[in-house]
Amino acid sequence: MDAEGLKALFEPVGTVSVKRMFGGHGVYLDGICFAVESGGEVYLKTDDQAKTVFADAGSAPFVYTARGKPMTTSYWRLLAGAYDDSDELKRWSALAIEAARRAAAAKAKAPAVKAAAGRKAR
C-alpha cells in the first residue's frame with residue numbers, strides 16, 4: 001500500500017501523515033506514529049494494555065528477521081474487517097493511538113527521571 005492509500009484508509013480517523021520507513025511506511029497522527037505498513041500489511045501500535053485486545057480478536061504481531069533471529073514488534077496486524085468498516089477502523093485505531101501516546105509519554109518521562117537521578121548522585 002502506498003502513502004496515498006494509507007491516507008485514504010485512515011481518513012475516517014483523521015488527517016494523518018505518512019513517512020517512508022524500513023521499506024514500508026509509518027502513519028502519524030498529531031506527530032505520533034500509531035501504525036506501520038510493511039509488505040502491504042497494516043499494523044497498529046500496541047502496549048501491554050492494548051495487546052490483549054488485539055490477541056483476543058485474532059490479530060498477530062509484526063515480526064521481522066534481524067541477524068537471523070525473529071524480532072517481535074509492538075505493532076499488531078489490522079484486522080481484515082477494519083479495512084472496509086470505518087467504525088471498526090476507528091475503534092482499532094483509537095486503541096493504537098492511545099498506546100502510542102502512552103509510549104511517547106513514557107519516553108519523554110524517562111530522560112527527566114535519568115536527569116533527576118544524576119542530580120541526586122552528586
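Tutor: One term before we start. Buried means under 20% relative accessible area. Also keep in mind that this is a predicted model.
Student: Okay. Is Phe-34 buried or exposed?
Tutor: Phe-34 has 1% relative accessibility, so under that cut-off Phe-34 counts as buried.
Student: And Phe-10, buried or exposed?
Tutor: Phe-10 counts as buried, because its relative accessibility is 0%.
Student: What kind of aromatic pair do Phe-10 and Phe-34 form?
Tutor: An edge-to-face one. The centres are 5.2 Å apart, with 80 degrees between the planes.
Student: What does that pair tie together?
Tutor: Phe-10 is in the loop between α1 and β1, and Phe-34 is in strand β3. The pair therefore ties together parts 24 residues apart in sequence.
Student: How many aromatic pairs are there?
Tutor: The count is four. Another of them joins Phe-62 and Tyr-64. Their centres are 6.2 Å apart and their planes are at 40 degrees, so that pair is tilted.
Student: Which cluster do ring pairs make?
Tutor: They link Tyr-43, Phe-62 and Tyr-64. Tyr-64 counts as partly exposed, because its relative accessibility is 39%.
Student: Switching to the sheet. What order do the strands take?
Tutor: There are six strands in an open sheet, ordered β1-β2-β3-β4-β6-β5, with antiparallel pairing. The edges are β1 (17–21) and β5 (61–66), and each of these pairs on one side only. From one strand to the next, the twist averages 35 degrees.
Student: How many bridges do β4 and β6 pair over?
Tutor: Three, between β4 (residues 41–45) and β6 (residues 69–77). Lys-45 has Tyr-75 in β6 as its bridge partner.
Student: Now the inside. Which residues touch the most other members of the largest nonpolar core?
Tutor: That core has 23 residues, and those touching the most others are Phe-10, Val-16, Val-27, Phe-34, Leu-44, Leu-78 and Trp-92. The largest share, six residues, comes from α3.
Student: What does Trp-92 touch?
Tutor: Leaving out residues up to four places away in sequence, Trp-92 touches Leu-44, Val-53, Phe-54, Ala-57, Leu-78, Leu-79 and Ala-82.
Student: Where does the charged end of Arg-91 sit?
Tutor: Over the ring of Trp-92, 4.4 Å from the ring's centre. The charged end of Lys-19 sits over the ring of Tyr-28, 4.7 Å from that centre.

Definitions and conventions:
Residues are numbered from 1 along each chain as its sequence is written. This is a predicted model: local features need pLDDT of at least 70, side-chain atom pairs count only at pLDDT 80 or more; totals for chains, interfaces and linings use all residues. Side-chain values use heavy atoms; hydrogens and water are left out. Two strands pair if DSSP finds at least two bridges between them. Helices (H or I, at least four residues) and strands (E, at least two) are DSSP runs, numbered from the N terminus. Axes are lines fitted to C-alpha atoms, for helices over the stretch in contact, and angles run from 0 to 180 degrees between N-to-C directions. A nonpolar core is a set of buried Ala, Val, Leu, Ile, Met, Phe, Trp, Tyr and Cys residues joined through side-chain atoms within 4.5 Å. Buried means under 20% relative accessible area, exposed over 50%, partly exposed in between (1.4 Å probe, protein chains only). Contact means heavy atoms within 4.5 Å. Rings of Phe, Tyr and Trp (its six-membered ring) pair if their centres lie within 6.5 Å; planes under 30 degrees apart count as stacked, over 60 as edge-to-face and the rest as tilted. A charge sits over a ring if NZ of Lys or CZ of Arg is within 6 Å of the ring centre and within 35 degrees of the ring normal.
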